[in-house]
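Visitor: I am new here. Please show me the structure, and then let me ask how you know what you say.

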There are 2 protein chains.
Amino acid sequence: MKKNYLLTPGPTAVPPDVSLEMARPMIHHRTPVYMEVFKNVNDGLKKIFYTKNNVYVLTSSGTGAMEAAVVNLLSPGDTALVVNAGKFGERWGKLCEAYSINTIMINVEWGKAVNPEDIRKHLLENKQIKAVFTTLCETSTGVTTDIKTIGKIVKETEAILIVDAISGLGAEEFRTDDWNVDAAIAGSQKALMLPPGLAFIALSDKAWKLAEESKSPKFYYSLKKAKKSLVEEGQTPFTPAISLVIGLNKALNMIQEEGLENVITRHSKLGKAIREAAKVMGLELFAPGTPSNAVTPLKMPSGMDAGVLIKKLKSKYGVTIIGGQDHVKGKIIRIAHLGYMDLFDIIIVISAIEMALVEMGYKLELGKGVGAAQKVLME
Amino acid sequence: MKKNYLLTPGPTAVPPDVSLEMARPMIHHRTPVYMEVFKNVNDGLKKIFYTKNNVYVLTSSGTGAMEAAVVNLLSPGDTALVVNAGKFGERWGKLCEAYSINTIMINVEWGKAVNPEDIRKHLLENKQIKAVFTTLCETSTGVTTDIKTIGKIVKETEAILIVDAISGLGAEEFRTDDWNVDAAIAGSQKALMLPPGLAFIALSDKAWKLAEESKSPKFYYSLKKAKKSLVEEGQTPFTPAISLVIGLNKALNMIQEEGLENVITRHSKLGKAIREAAKVMGLELFAPGTPSNAVTPLKMPSGMDAGVLIKKLKSKYGVTIIGGQDHVKGKIIRIAHLGYMDLFDIIIVISAIEMALVEMGYKLELGKGVGAAQKVLME
């Protein structure tokens, strides 16, 4: 008998209560029962986004909502500033390119966060910039971006701020309205504890002004259609992923019950426990400066391959984590502490890594990493 | 105690075995376990599409796959011929318009099928036509289109044939390759017995040639990306709706077990039973000429409102069917016999309609409609 533990930054584990809710008999979406659920979901999403504006629910991966931001807010030939500090910042660049947006990239070394002053400099130098694209938590590097400061900078200009908060929302502190975020994007399969298949986007009034002018072609991702459907009928323009919306209702209720600030604190503590454990285990943090509450990348001891460790964790201990992408493939492991996780998920992953590393010939004292984590988790 | 019965043409009822499969603990998609499931799904989809080509799985509503067809196969300024025989044909027109395709519409009266010769005429008159868009089963009118004949006509030209088979696939006979369909599209929440959230598209070699030339902007719906990801890695380019894919694997296995031809025959018989019952109940068929195996629209007795009947069926009998859209709203009811349905679903809906109509003051002999249905169902 071997249990399975999923510690990846999306998908994340789905709480049994959410799974059971989604397993109930299918209902039609154009019915009062569904519309009541969908209304609750809309209210709950506003709370978790910290916004007074509507949060639109799309049936797609998170990338679909990123595409919705590009095609609804910009037009071909517009200029955008893109923070590229990892795979997901890079994706903003590719999306802008696909829709003929002139893209100015701020390339940031992997493991580092963008300096908000660099954004200010670009905005001062180039008044053509209509939008700044950035990432709350860059999943590929485990870096959290200082959106609050960036929001203050962008607010002073004509440009809008678009934030991919897909892996960050519900794990990191994030205030859409207070931080002057004009378009905030999230996905279902992260801190929202659902399977993948839903994506979310909230727009400010400043963003809606650009949406009114946008000439990019769109249909499925048209947020004007989404707004009309929501405001006039309490619906989505196309058949929604009904079971996932029903699960989301349950997940949002669970988050409200725990208290959103408590949820963030829990994530923060789990992340800190991993980092403290890593320290005593001699594993270096890949992004020590601006750690994430969602995912922690650790460098492998020199001469050891991340792939071997990941495989051993899975095959021998049933623990699933992931490695690095692109140029850090094989060099780092990434441990998610995201969504439906409590202290023992951290104990499990640390103890599994201890055992696997010892088996790989790495010298460490078993239980020492676990002890360091426990100290944080008991606080 | 009142049970609920869902007889709508999407979403359709989800078999408990599929729901249970989807309720199992979440797994990561970049793992051998998931990739094995996804391989089975790809094989199963090829069988149900009757194609040797790959069927690409998109995380979206069916409309997303329709958009994928437009943006991958055409370029702005291209000319397309669109069969508009209802809401979903109309959607092809709107999609083409959104992407600056010159659209020639063949407007067909609701409840009638397009005459394939009209398509031939247009293709002969206008050599600019690059694509013909049509619908296998027009859900809004309950009409089945003669795709086989249209396929023969389009095959003789440079144009490609694109078929929205969303509500038809698995219910109507449909042979992608044999019938010369260049792009076939389906969705999860119809005969495939899943919740909404997945859409599918298969392309012929002739279609891929156009895909290579297409200049329409795209990212999330890029089928080149989908092809590369599937061929090189056995994956999708973006995080898939994992739980739905796992459910699809189960549903496809169930269909294979029953036998695809038996599944079509079952749908055909259920539809015939509804039509025979309607006849003896004095309810006129809305689309008598080319009935559908998926959904049957019936005209309301004169002076009676469909909305009242639908509400009564739901509130008193727990039976959900839907009404007409646009100009036939209030005038017709639509009963789906689609997906996870057997003979008793038909008995239930007919007997419920009998009782509700009598309560509304309509004269009929209780059980007579049921009897007519039984006669067909016993065959």
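**Backbone and contact**

Guide: Asp326(B) is exposed, as 10 other C-beta atoms lie within 10 Å. This is a predicted model: local features need pLDDT of at least 70, side-chain atom pairs count only at pLDDT 80 or more, and totals for chains, interfaces and linings use all residues. Residues are numbered from 1 along each chain as its sequence is written, while chains are lettered from A and ligands numbered from 1 in the order in which they are written.

Visitor: What makes Tyr50(B) partly exposed?

Guide: Its count is 18, so Tyr50(B) falls in between.

Visitor: What is the phi of Tyr50(B)?

Guide: Phi of Tyr50(B) is near 50°, a positive value, and the residue is not glycine. Asp326(B) also has a positive phi, about 50°. Most residues other than glycine have a negative phi, and most peptide bonds are trans.

Visitor: Which peptide bond of chain A is cis?

Guide: The bond joining Gly10(A) and Pro11(A), with omega about 0°. In chain B, the bond from Gly10(B) to Pro11(B) is cis, with omega near 0°.

Visitor: What makes two residues count as in contact?

Guide: Their C-beta atoms, placed from the backbone, lie within 7 Å. By that rule, the contact takes 42 residues from chain A and 41 residues from chain B.

How values were computed
Buried ≥ 20, exposed ≤ 12 C-beta atoms within 10 Å, placed from the backbone.
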